[in-house]
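Hi,

Here is the structure I promised to pass on.

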Amino acid sequence: MGSMGKKIKIIYYLYEVKDEPLGSYAKVIESKLGRFRRLVNPDEYTLMANFRSILGASKEAYVIEIKNDLNRWFYLTRSAKGLEKPKVAYEYEVGKEEALEIVFKEIAEGRAHKKSGVDKFSAVLQLLLWGGFFLLSYMGYKNDELGWVNNFLPLVLLLSGLIEGFRRGYKKKKR
């Protein structure tokens, strides 16, 4: 548990297949990937264990999901050159063991492309923190007795950073 020693990147691509069998689409994907591991409808632990083995000493690997209404196929690989633009693409930067489990749970449950409640909560908290600070700063600018508010900028920056870092132990951004 705890820190993993180095941050790793998980690049997640989602392709939704509508007009053809998943197997046909999979052949196109497979033809463009070098070495890969394919998993059909895996749970989060199978996904995570296989990801670790494909990652090896590397710091970056891809999780490519192709799905239709019935099945979800995952490809784990170190490179994804030549693939068409996915419907959804995220990059996770993971620094903690617990966060790795959370990321794979999110992906396995199909929630990777939905905004999480933690994101919304931390965004609201950040907005309130910075909004309040700027409002008080403006009032301090207009009124000398509130000039002391500006002394709290380092504290606001620190709190903002803590909220961001505390969020989940990993960063997620669209690619």
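H2 passes H3 in a right-handed crossing (the near helix is turned clockwise from the far one by less than a right angle; the anticlockwise case is left-handed). Helices here are DSSP runs of H or I with at least four residues, strands are E runs of at least two, and both are numbered from the N terminus.

Before going on: this is a predicted model, where local features need pLDDT of at least 70 and side-chain atom pairs count only at pLDDT 80 or more, while totals for chains, interfaces and linings use all residues. Residues are numbered from 1 along each chain as its sequence is written, and side-chain values use heavy atoms, with hydrogens and water left out.

Back to the pair. The axes of H2 (residues 44–55) and H3 (residues 97–108) come within 9 Å and cross at roughly 120°. That makes H2 oblique to H3 (under 35 degrees is roughly parallel, over 145 roughly antiparallel, 65 to 115 roughly perpendicular, the rest oblique). Axes are lines fitted to C-alpha atoms, for helices over the stretch in contact, with angles from 0 to 180 degrees between N-to-C directions.

On the H2 side, Glu44, Leu47, Met48, Phe51 and Arg52 meet Glu97, Leu100, Glu101, Phe104, Lys105, Ile107 and Ala108 in H3 (contact is heavy atoms within 4.5 Å). By class, that contact has seven nonpolar, no polar and five charged residues (Ala, Val, Leu, Ile, Met, Phe, Trp, Tyr, Cys and Pro are nonpolar, Asp, Glu, Lys and Arg charged, the others, Gly among them, polar).

Now the inside. There is one cavity of 30 Å³ or more (on a 1 Å grid over the protein atoms alone, a set of points where a 1.4 Å probe fits but cannot get out; lining residues have an atom within 4 Å of a point). The largest cavity holds about 40 Å³ (the space filled by probe spheres set on points joined across faces, edges and corners). Its lining is Tyr25, Val28, Ile29, Lys32, Leu83 and Glu84.

Cheers

Key
1 Å grid on protein atoms, 1.4 Å probe; cavity = no way out; pocket = protein on both sides within 12 Å on 5 of 7 lines; lining within 4 Å.
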